[in-house]
Amino acid sequence: MIRLSSILERGRLRVKAPEGRFLDDVEASALELGEASALSDADKEVLALALELKSLGEVEIVSDDYSIQNMAEALGIGYRGLTTRGIRRRFRWLLYCPGCRRVFEAPPPDGLCPYCGSEVRRKPVEAHPLRGRKTP
């Protein structure tokens, strides 16, 4: 904690929250790709901040989370895994109920189908090759 305080005091580290419009862009992309249920609020903020900072120069997210990598690939943000190889294709996911077979555009708030009560799941419906934005 002392080391972190010292770095902050010397101005070597800044704490920044992303602007709302970048969060909105990430939310829209997450819904489009079917990643909304797999991303936490913190994940979305990291992606939104990277999207915001991308205009200032090269940005890279280091994460082993495949959903974050999938989103970064779709948003044109550099990424790499720390301990894993990373994604090999970019996916678009379909949210569906295995009980009544309904399909959802957005995840239900509690993750349960409002019609039959089954847990909503996701499955890949499209796989796209990587665009070469992944950094080694």
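Analyst: At 1% relative accessibility, Gln69 counts as buried (buried is under 20% relative accessible area, exposed over 50%, partly exposed in between, with a 1.4 Å probe and protein chains only). This is a predicted model, where local features need pLDDT of at least 70, side-chain atom pairs count only at pLDDT 80 or more, and totals for chains, interfaces and linings use all residues. Residues are numbered from 1 along each chain as its sequence is written, and side-chain values use heavy atoms, with hydrogens and water left out.

User: Which helix is Gln69 in?

Analyst: Gln69 is in H4, residues 66-75. Helices are DSSP runs (H or I, at least four residues), numbered from the N terminus.

User: What is Gln69 in contact with, leaving aside neighbours within four places in sequence?

Analyst: Its partners include Ser63, Tyr79, Arg80 and Ile87. Contact means heavy atoms within 4.5 Å.

User: New topic. At what angle do H3 and H4 cross?

Analyst: Roughly 25 degrees, and their axes come within 11 Å. Axes are lines fitted to C-alpha atoms, for helices over the stretch in contact, and angles run from 0 to 180 degrees between N-to-C directions. H3 and H4 are therefore roughly parallel to each other (angles under 35 degrees count as that).

User: Which residues make that contact?

Analyst: Asp43, Leu47 and Leu51 of H3, with Ile68, Met71, Ala72 and Leu75 of H4.

User: And how do H2 and H3 pack?

Analyst: H2 (residues 20-33) and H3 (residues 41-53) pack at about 120 degrees, with axes 8 Å apart. Among the residues that meet are Phe22 and Leu23 in H2, and Leu47 and Leu51 in H3.

Key:
Helix = DSSP H or I, 4+ residues; strand = E, 2+ residues; numbered from the N terminus. Parallel < 35°, antiparallel > 145°, perpendicular 65-115°, else oblique.
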